[in-house]
Amino acid sequence: MSSIRRIVPLLVLALSGAAIPVTSAGADAPAGEKPKFTGDPITVVTIGEFAVAAVGSENPELAGAVKARAKAINKAGGLEDASGETHKLRVVACNTDLDPNKAEQCARDAVDEGAVAVLGQNSVNGAQIFPALEEAGIPSIGNIVFQPVDASSPVAFPLTPGIPGIFAGLPQVLAEDGATEISYIVSDIGATTAAAVLFLDQGTELAGAQKGPEVLVPPDATDLAPYVATGTAEPVDGAVAFLLGEIESTLIRQIAESGFDGPVSTQAGLLTESILDDAGDAADGLLVVGPVVPFTNTKVKGIKMFRKDMAAYDDSLALNDSAVNSWLATYVFEQVAGTLPTIDSGSVREAMGQLVDFDTLGITPPLDTTELSGLPLLDRVFNPTVVFSAVEDGKIVQSDRRFFNPFTGEFEG
């Protein structure tokens with residue numbers, strides 16, 4: 001596959017050929033006073049599988065992260081455009097419930113709401129979402145890449161390589177730890193899993209390892225023992241292990257109880273502190289591949305802001321890397337919108353396509369959306385990197401090496 005040019009850490013936002021500084025909301029309104037907005041409200045929509053009855057999963061933090069940043073923006077005086085007008089940022093959340101028909105309706109609702117952008121789209125049903133967004137010219141900022149349409153639609157602006165990058169990285173982090181025969185123990189959710197396995201295969205091949213058993217676990221499975229036994233049988237010496245929902249902690253515990261002593265890797269997207277707490281000591285040593293700097297790395301400015309906003313909005317919400325992505329999508333929108341004299345879907349879409357070395361506060365490498373990646377079927381993966389971490393004493397600790405390109409097998413920072 002084509003390699004991606006190294007992204008240079010400079011802070012410039014280039015719009016219409018001119019360098020425009022990154023903006024921020026104004027100072028907080030005085031205590032006891034409500035902010036006074038001088039312009040019309042601005043509506044954004046977030047779409048995703050925020051609750052899925054079929055698999056018993058609930059992830060309100062994904063929409064919550066968008067709302068958390070919006071609350072901070074509004075408290076600080078609103079979204080200020082380049083003309084100096086301030087706007088209340090209104091967030092509408094639409095749950096797809098993993099239903100393609102509901103996903104399509106969410107996209108239509110976004111159009112009807114007059115949304116200027118969709119933020120943090122987290123749905124496997126992008127094929128049903130993007131047609132309506134494309135017709136209306138509404139950009140999707142920070143959409144998670146699950147399938148080619150998520151990284152090829154002209155209105156898609158993903159901030160990470162999503163599932164393709166994470167799953168290509170999962171075998172490679174195992175190989176770095178010495179694994180040579182790698183199994184996959186993953187949730188079976190049909191076509192999405194089939195696509196993810198292809199990227200696992202690519203990562204295994206790039207790492208120079210052999211593929212072991214491919215163990216697909218039904219969403220309603222309760223007894224994981226047979227799946228663990230198959231996925232850890234000799235000569236397997238490394239395992240990719242990821243299940244949707246809280247049952248992830250059960251999987252982690254049962255792999256440890258099986259006596260398997262090879263490295264185990266999992267994806268960070270929905271790996272929460274509660275899952276790690278439930279897994280207990282069995283989680284220690286778990287290798288984690290995430291799309292962004294982990295939510296536990298409070299040395300990073302963007303993570304500090306994320307955690308502060310989430311605590312101020314609703315401190316009962318779980319924290320995870322997918323929520324960081326949703327928060328970052330809102331932050332990127334905020335910065336871009338602040339450079340525009342008129343904030344509408346067309347101006348936001350145009351500006352999003354002209355980011356050069358855009359500072360994400362350390363959560364990802366600086367972004368450049370002016371060039372396509374050259375990756376087959378993933379042209380709009382503007383940032384191809386993932387982050388390697390490990391669980392130590394029940395906490396996710398980032399590797400010293402920063403960003404890893406799983407499509408080239410090289411570190412980029």
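The cavity count for this predicted model comes to one of 30 Å³ or more. A cavity here is a set of points, on a 1 Å grid over the protein atoms alone, where a 1.4 Å probe fits but cannot get out. The largest cavity holds about 520 Å³ of space, with volume taken as the space filled by probe spheres set on the points, which are joined across faces, edges and corners. Its lining runs to 30 residues (those with an atom within 4 Å of a point), and Phe-146, Phe-242, Leu-244, Gln-267 and Leu-270 lie nearest the centre. Helix H4 (162-176), strand S12 (181-187) and helix H5 (191-206) are the elements giving two or more residues to this lining, and H4 gives the most, with four. Helices (H or I, at least four residues) and strands (E, at least two) are DSSP runs, numbered from the N terminus.

Now to helix H3, residues 126-136. Buried there (under 20% relative accessible area, 1.4 Å probe, protein chains only) are Gly-126, Ile-129, Phe-130, Ala-132 and Leu-133. They sit on the same side of H3 because they cover an arc of only 170 degrees around the axis, judged by the directions from the helix axis to the C-beta atoms. These buried residues pack against S3 (42-48), H2 (100-112), S9 (117-119), S10 (140-141) and S11 (156-157), contact being heavy atoms within 4.5 Å. Just after H3 comes Gly-137, with a positive phi of about 75 degrees.

Residues are numbered from 1 along each chain as its sequence is written, and side-chain values use heavy atoms, leaving out hydrogens and water. Local features need pLDDT of at least 70 and side-chain atom pairs count only at pLDDT 80 or more, while totals for chains, interfaces and linings use all residues.

Key
On a 1 Å grid over the protein atoms alone, a cavity is a set of points where a 1.4 Å probe fits but cannot get out, and a pocket is an open set with protein on both sides within 12 Å along at least five of seven lines; lining residues have an atom within 4 Å of a point. Buried means under 20% relative accessible area, exposed over 50%, partly exposed in between (1.4 Å probe, protein chains only).
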